[in-house]
Amino acid sequence: MAKKQDRLAVLIDADNAQAAIIEGLVSEIAKYGIASVKRIYGDWTDTRLKRWKSVLLEYGMTPIQQFAYSQGKNATDSAMIIDAMDLLYSGDFEGFCIVSSDSDFTKLASRLRESGMTVYGFGERKTPKAFLSACDKFIYTENLRNCAKQEDCDDEVVSQTKKESSYSILKDKKLLALLARTVDDCMDETQWANLGTIGRQISKTHPDFDPRSYGYKKLSDLLVATEEYEVKTRFADEYSSHKSVLVRPKAKKR
């Protein structure tokens, strides 16, 4: 019997997210469950949201109108928070996806987790640490953007992409230390560690950890690229399609 998927409420702050992420966002959310509710908040009379308007229907997003009643006050944040609490008390969901780079949602994320919800945050790398840490899992939207057209991405994204192209994983001492510590903690009596266990363990202390941030699609690819680990696949038996990916440090050369 197939495992029941979590029902997720997706709440998007259109003022703090770019429409270029939509395809990647929808695909990413599908990894964690079913988006039962998809609401996107903003002042839809504002021309700055015109790119979002063009994708709402295609992706089944429900636009929630929030007028800017006064300068400097963010009505969108308040509406999202109120709706999130209403959805929480409905008892119909197992998790929430909050799409914003705004620290104002830190308390909301904490409150949802206190009620047993799994919280997935989606925001840019400029997202304050407090909001990031309040989520169970945080995904940088730079890893989701589809910048087929140069004008779809701002200068900050283009600059970040150029910086990542010159990145060398072999020189990232902080990352290498994190991987070494986690693999060591997860190894069993056979001196192998389960890849899934490694990923979950890292996420507990680093909600924003994502191999894509380092230029690799999967954690196994990232580990291989460090040149420090052996990675192998093991099937439950010769007739089974169930497999485990195992990792261990390479033997040190004498």
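Before sorting residues by class, I wrote down the rule: Ala, Val, Leu, Ile, Met, Phe, Trp, Tyr, Cys and Pro count as nonpolar, Asp, Glu, Lys and Arg as charged, and the others, Gly among them, as polar. I also noted that this model is predicted.

**Entry: the cavity.** I found one cavity of 30 Å³ or more. The largest cavity holds about 40 Å³ of space. I then listed its lining: Asn16, Ala17, Gln18, Ile21, Ser101, Phe122, Gly123, Glu124, Thr141 and Arg145. Sorted by class, that lining has three nonpolar, five polar and two charged residues.

Entry: Next I turned to open space. The largest pocket has about 830 Å³ of space. I counted 18 lining residues, and Tyr32, Lys137, Gly199, Pro211 and Leu219 are the closest to the pocket's centre. Which helix gives the most to this lining? I found helix 8, residues 195–205, with six residues. By class, I got five nonpolar, three polar and 10 charged residues for the lining of the largest pocket.

**Entry: the cysteines.** How many disulfides does the count come to? I got zero. A disulfide needs two cysteine sulfur atoms within 2.5 Å.

Is cysteine 97 buried or exposed? Cysteine 97 is buried, because its relative accessible area is 0%, and buried means under 20%. Cysteine 186 is buried too, with a relative accessible area of 15%.

Technical notes. Residues are numbered from 1 along each chain as its sequence is written. This is a predicted model: local features need pLDDT of at least 70, side-chain atom pairs count only at pLDDT 80 or more; totals for chains, interfaces and linings use all residues. Side-chain values use heavy atoms; hydrogens and water are left out. Buried means under 20% relative accessible area, exposed over 50%, partly exposed in between (1.4 Å probe, protein chains only). On a 1 Å grid over the protein atoms alone, a cavity is a set of points where a 1.4 Å probe fits but cannot get out, and a pocket is an open set with protein on both sides within 12 Å along at least five of seven lines; lining residues have an atom within 4 Å of a point. Grid points are joined across faces, edges and corners, and a volume is the space filled by probe spheres set on the points. Helices (H or I, at least four residues) and strands (E, at least two) are DSSP runs, numbered from the N terminus.
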